[in-house]
Amino acid sequence: MSIQNFANQFICDLVAYEPGKPIEETARELGLDPASIVKLASNENPLGPAPMARDAMRAEVDGVHIYPDGGGYKLRSALAEKYDLGLENVVLGNGSNEIIELLCHCFLNRDAELIAAEHAFVVYKLMATLFGAKYVEVADPDFIHDVDGMADAITEKTRLVFIANPNNPTGTMVNEAALDRFMARLPEHVVAVFDEAYFEFLEDAPDTLKYVREGRNVCVLRTFSKAYGLAGLRIGYGLASPQVTAILQKARQPFNANAMAQAAALAAIRDQDHVTKTLQTNNEGLAFYEKAFAERDLEYVPSFANFILVRVGDGDAVFQAMLEKGVIVRAMRGYKLPEWVRISVGTQDENERCITVLDEVFNA
Ligand SMILES: *Cc1c(COP(=O)(O)O)cnc(C)c1O
């Protein structure tokens, strides 16, 4: 008899999240120099952390024997001010992934249902399973969330509906009119979660904070991992109506946002220069990839984020062959897209290397 027989079966059956392959691991396995490897697999910021965040972290080092501010006062105040909300609207997370988990912790159980799009960010499904809830998947024609279909799928048992906007891995977006339609149909017993991890990359972002201000049952998720370049620190946040944040605050660990992360994030939101440079690099990179794919007759999904989905045939094989040449992309079998890979936008040098390696793989 194994200990597995005594654990929750729905957890033993879980297939764990597979992150982008780390540079060090790739170097070790293939005998490559880590410095020669380009990682375009986790939608990280190719320009690095915001310079003002680096300085803030250096200044914070000498104080890390002290527990962080568990209430996250300075960072939550700065975020509240930035978005013209109150302190009671902001909850911090160990990455926005933790807020996804907190939402599931608070609202899901074995009788509950979570609704998401067919090609949505895979963490929603993992979390629904982790809490024994039913995961309801709604078809997304052309990889765009069908929010009307998602509203149709709501039942008495539904507690959470996740709308990733833009979505990862598809890079597609739902417009504000569609979100308004969806919100008009949202019943009282359901929380709408707008996962906006790529919000800063949008030129014309739909306004979801108006639902927060109206006191609706919504939670808007944002992160410092992408545009701000702080993925390694694990810091994100939720913006929600006070009745929702009050529940989430009860479910979190007392020091879930660490001191270094709070200090860096506080500085990063003031580093507009870094965000501007990041957006410029990203826009140039997306245009470069779209042109490169069109020239090679490769199907791609036009993206609103800092990555792009491209159809390469055998995604696993192309991923592996590129890996052996020192370029890490992301295979998409786990998203039921075995013919596609997702490429994060890098610096112009990295993007060019990626296409060169892709050509070598295709011509091999
Ligand atoms: C990257 C990402 C996140 C957040 O990541 P954290 O690092 O945990 O903040 C959340 N949602 C989506 C859709 C993402 O792509």
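I started with Glu196, which is buried, with a relative accessible area of 3%. A note to myself before going on: this is a predicted model.

**Glu196 and its partner.** Which side chain does Glu196 meet in a salt bridge? I found Arg222, at 2.6 Å from N to O. This pair links distant parts of the chain, 26 residues apart. Arg222 sits in strand β7 (residues 218–223), and Glu196 is in the loop between β6 (191–195) and α9 (209–213). I then checked the cover on Arg222: its relative accessible area is 1%, so it counts as buried, the limit being under 20%. I jotted down the background too: side chains of opposite charge can pair when their charged atoms come close.

**Other salt bridges.** How many salt bridges are there by this rule? I get a count of 20. I looked up Glu44 next and saw that it pairs with Lys39, the closest N and O atoms being 3.0 Å apart. Glu44 is partly exposed, at 31% relative accessibility. Lys39 has 21%, so it also falls between the limits of 20% and 50% and counts as partly exposed.

I stayed with Lys39 for a moment. Its place is in strand β1 (residues 38–39). What lies 288 residues from Lys39 in sequence but 6.0 Å away in space? That is Val327, going from C-alpha to C-alpha.

I moved on to Lys291, which forms a salt bridge with Glu295, and noted 3.2 Å between the closest N and O atoms. Both residues lie in helix α12 (residues 272–295). They are four residues apart, about one turn of the helix. Are they buried or exposed? Both Lys291 and Glu295 are exposed. The pair belongs to a network of salt bridges that also links Arg296 and Asp359.

**Two helices.** I wanted to see how α4 (residues 73–82) packs against α11 (residues 259–268). The angle is about 25°, and the axes are 9 Å apart. That makes α4 roughly parallel to α11, because angles under 35 degrees count that way. The crossing of these two, α4 and α11, is left-handed.

- Asp84 has a positive phi of about 55° although it is not a glycine. I placed Asp84 in the loop between α4 and β2 (90–93). It is exposed, with a relative accessible area of 62%.
- Asp297 is another residue other than glycine with a positive phi, near 55°. It lies in the loop between α12 and β9 (300–301). Asp297 is exposed as well, with a relative accessible area of 73%.
- Asn165 and Pro166 are joined by a cis peptide bond, omega being about -5°. I found Pro166 in the loop between β5 (158–164) and α8 (176–184).
- The peptide bond from Asn168 to Pro169 is cis too, with omega near 20°. Pro169 is found in the loop between β5 and α8.

**The start of the chain.** Last stop: which residues form a nonpolar patch with about 490 Å² of accessible area together? They are Met1, Ile3 and Phe6, on the surface. Phe6 lies in the segment before α1 (9–12). Its relative accessible area is 64%, so Phe6 counts as exposed, the limit being over 50%.

How values were computed
Residues are numbered from 1 along each chain as its sequence is written. This is a predicted model: local features need pLDDT of at least 70, side-chain atom pairs count only at pLDDT 80 or more; totals for chains, interfaces and linings use all residues. Side-chain values use heavy atoms; hydrogens and water are left out. Patches are made of residues with over 30% relative accessible area and no salt bridge: like charges are joined within 9 Å, nonpolar side chains (Val, Leu, Ile, Met, Phe, Trp, Tyr) within 5 Å. Accessible areas come from the Shrake-Rupley method with a 1.4 Å probe; for residues, only the protein chains shown count as cover. A salt bridge is a side-chain nitrogen of Lys or Arg within 4 Å of a carboxyl oxygen of Asp or Glu. Buried means under 20% relative accessible area, exposed over 50%, partly exposed in between (1.4 Å probe, protein chains only). Axes are lines fitted to C-alpha atoms, for helices over the stretch in contact, and angles run from 0 to 180 degrees between N-to-C directions. Angles under 35 degrees count as roughly parallel, over 145 as roughly antiparallel, 65 to 115 as roughly perpendicular and the rest as oblique. A crossing is left-handed if the near helix is turned anticlockwise from the far one by less than a right angle, and right-handed if clockwise.
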